[in-house]
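Please keep the sequence and the model in view while reading.

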Amino acid sequence: MGVRAARLEDVDAVTSTQIRAWRAVYRDFLPPVPLEHMTGPAAEKMWRRQWEEAILSPPTPRHRLLVAVERVVPDTDAFTALGPGGILATAAQRASDRVVGLASHGPAEDPDLHPATTAELMTLLVDPNHIRRGHGSRLLNATVDHLREDGYSTVVTWVFADNHQMLGFLESAGWGEDEAERVLDMGRPIRMIRLTTDIS
């Protein structure tokens with residue numbers, strides 16, 4: 001298990017993880033039609049292009065996409081005929097990383113914030129089949145490490161007010177509301193709130 005910078009070959013897995021996480025979490029509070037627009041086939045193609053661009057040509061060097069991975073090692077029982085050395089060599093060759101979460105960040109874009117000192121956590125998602133394994137915490141910690149290296153002292157993020165799972169996670173990590181909010185028209189008003197944390 002670990003966190004690393006996303007690679008071009010991760011794009012499909014990143015997109016799939018995003019769609020699966022949104023469907024699992026957002027279905028509890030978002031209307032079904034907007035959620036389908038966010039996660040349907042057309043949207044999936046759009047998100048795939050977006051993540052590819054984020055990896056190949058980020059807007060600034062301070063924009064990053066990180067992925068949480070689990071190491072997948074094949075069952076070596078199938079390689080017994082190769083002998084011990086052959087088993088280890090074959091397993092090492094075929095071992096691979098499975099993307100199970102993602103986090104993206106960059107300079108804050110809200111007009112009331114200073115992008116030189118305040119960053120925004122834009123995305124933090126974990127595959128619903130891989131939650132409760134520490135991936136969210138590892139992604140958050142890695143994000144903060146990068147942002148400190150970049151000289152940031154504050155991080156903000158926008159969260160749906162009814163996304164109690166994410167709110168609880170961030171609050172347990174020391175984040176708190178800063179009183180900014182926005183309301184989206186998604187067939188009915190959907191409220192978002194901004195959270196902030198000091199990383200200096």
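The model is a predicted one, in which local features need pLDDT of at least 70, side-chain atom pairs count only at pLDDT 80 or more, and totals for chains, interfaces and linings use all residues. Residues are numbered from 1 along each chain as its sequence is written, and side-chain values use heavy atoms, with hydrogens and water left out.

The chain contains 6 helices and 7 strands; helices (H or I, at least four residues) and strands (E, at least two) are DSSP runs, numbered from the N terminus. Their order along the sequence is β-α-α-α-β-α-β-β-α-β-α-β-β. Of the chain's 200 residues, 45% are buried, a term that denotes under 20% relative accessible area with a 1.4 Å probe, counting protein chains only.

Strand β5 covers residues 154-160, and because 6 of its 7 residues are buried, the strand is largely enclosed by the rest of the structure. Strand β4, residues 118-126, pairs with β5 in the parallel sense over 3 bridges; two strands pair if DSSP finds at least two bridges between them. Within this pairing, Thr 118 has Thr 154 of β5 as its bridge partner. Together with helix α5 (residues 135-149), β4 and β5 form a right-handed β-α-β unit: with the strands pointing away from the viewer, the path from the first strand over the helix to the second runs clockwise.

Strand β5 is also joined to strand β7 (residues 189-198), by 7 bridges in an antiparallel arrangement. Here Val 156 stands opposite Thr 196 of β7.

How values were computed
Buried means under 20% relative accessible area, exposed over 50%, partly exposed in between (1.4 Å probe, protein chains only).
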